[in-house]
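Please look at the sequence and structure first.

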Amino acid sequence: MPASLETIEARFASVDQDLRLAMLLDYARKLPPLPEELRPLRDQGINRVPECMTPVYLWMGTDGAGHLAMHVDVADEAPTVKGFLSIVHAVCHGAPPAVAAHVPLDLVARLKLDAAIRMQRAAGIHAILGRIRREAGALLAKNGASA
């Protein structure tokens, strides 16, 4: 069952800035590895998110039950971006696509990390979240059209 964004936000809000950063890095370590069958595509540059300077690759689809199947690969050199995307993955993977279509664009601020994250990284995260929302919206439209 996907994690609740509200629960994650409350956890981040309940601690000081140093612990928030430690929690974000802990999430970075929890991001599931990219499935073996997607690695050759990543290595060819397929599904790279160009809006972000950090090498980020994103695959989104639905499983047989209509739940979101999300696969993300983020360079280890960008643990903060990896942490944010791990949180998004924890919330969205296995949930209805509508959850991802409404992931908040202000996630950095909601997690109270806006003072700790450089503007350039925050802009990249915002762009990635926008792309996730658009792709989830397209999945909703596609699944609605076929229903």
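Ser86 touches Tyr27, Ala28, Lys30 and Leu31, leaving out residues up to four places away in sequence. This is a predicted model. Ser86 belongs to helix 4, which covers residues 79–92. With a relative accessible area of 4%, Ser86 is buried, because the cut-off for that class is under 20%. A polar atom of the Ser86 side chain lies 2.7 Å from the backbone oxygen of Tyr27.

Two of the residues touched by Ser86, Tyr27 and Lys30, are also linked through the ring of Tyr27: the charged end of Lys30 sits over that ring, 5.3 Å from its centre.

Arg48 is placed in the loop between helix 3 (39–43) and strand 1 (56–62). Its relative accessibility is 34%, so Arg48 counts as partly exposed, the class between 20% and 50%. Neighbours within four places in sequence aside, Arg48 is in contact with Met53, Thr54, Pro55, Val56, Tyr57 and Arg131. For Met53, the backbone oxygen lies 3.2 Å from a polar atom of the Arg48 side chain. His71 is 23 residues from Arg48 in sequence, and the C-alpha atoms of Arg48 and His71 are 12 Å apart.

| Backbone oxygen | Side chain with the polar atom | Distance |
|---|---|---|
| Tyr27 | Ser86 | 2.7 Å |
| Met53 | Arg48 | 3.2 Å |

As for aromatic rings, the structure holds 1 aromatic pair.

Methods:
Residues are numbered from 1 along each chain as its sequence is written. This is a predicted model: local features need pLDDT of at least 70, side-chain atom pairs count only at pLDDT 80 or more; totals for chains, interfaces and linings use all residues. Side-chain values use heavy atoms; hydrogens and water are left out. Rings of Phe, Tyr and Trp (its six-membered ring) pair if their centres lie within 6.5 Å; planes under 30 degrees apart count as stacked, over 60 as edge-to-face and the rest as tilted. A charge sits over a ring if NZ of Lys or CZ of Arg is within 6 Å of the ring centre and within 35 degrees of the ring normal. Helices (H or I, at least four residues) and strands (E, at least two) are DSSP runs, numbered from the N terminus. Buried means under 20% relative accessible area, exposed over 50%, partly exposed in between (1.4 Å probe, protein chains only). A polar contact is a pair of N or O atoms within 3.5 Å; within protein, one must be able to donate a hydrogen and the other to accept it, and residues adjacent in sequence count only if both atoms are side-chain atoms. Contact means heavy atoms within 4.5 Å.
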